[in-house]
Amino acid sequence: LSLLNNTSNIYIETHNLLGFNQVEDLVAFKGADRLIFGSCYPLFNEDLAISRIINADLDEKEKNKVAFLNIREIIQNITI
């Protein structure tokens, strides 16, 4: 968590967040801008990862950031 506080380019991918309210707690700690969706597919069933975001106690804007807006922004900012 100290990396989230001290850097602006570290993100947490959600597939490892298996504890109760971890997604909500991290959004409360540092905002939805620092989480990106992940399911660890094909090793794990993606339905669990998707439902964790859909059923999270977050507003729609925060859910959208985690689900796709954050990773889209990262990809759009890649220059080759």
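A nonpolar core is a set of buried Ala, Val, Leu, Ile, Met, Phe, Trp, Tyr and Cys residues joined through side-chain atoms within 4.5 Å. Buried means under 20% relative accessible area, with a 1.4 Å probe and protein chains only.

This is a predicted model: local features need pLDDT of at least 70, side-chain atom pairs count only at pLDDT 80 or more, and totals for chains, interfaces and linings use all residues. Residues are numbered from 1 along each chain as its sequence is written, and side-chain values use heavy atoms, leaving out hydrogens and water.

**Stop 1: the core.** Select Leu-4, Leu-17, Val-23, Leu-26, Val-27, Ala-32, Leu-35, Ile-53, Ala-56, Leu-58 and Val-66. These eleven residues make up the largest nonpolar core. Helix α2 gives the most to this core, three residues.

**Stop 2: helix α2.** Select residues 22-30. The buried residues here are Val-23, Glu-24, Leu-26 and Val-27. They sit on the same side of α2, because they cover an arc of only 165° around the axis, taken from the directions from the helix axis to the C-beta atoms. Helices are DSSP runs of H or I, at least four residues; strands are runs of E, at least two. Now show what covers these buried residues: α1 (2-6), β1 (12-13), β2 (35-36), α3 (46-54) and α4 (60-76) are included.

**Stop 3: Val-23.** Val-23 counts as buried because its relative accessibility is 1%. Which residues does Val-23 touch, not counting those up to four places away in sequence? Select Leu-17, Leu-35, Arg-52, Ile-53, Ala-56 and Leu-58. Contact means heavy atoms within 4.5 Å. Finish with Ile-53: 30 residues from Val-23 in sequence, and 7.8 Å away in space, C-alpha to C-alpha.

Key. Buried < 20%, exposed > 50% of the residue type's maximum accessible area, 1.4 Å probe, protein only.
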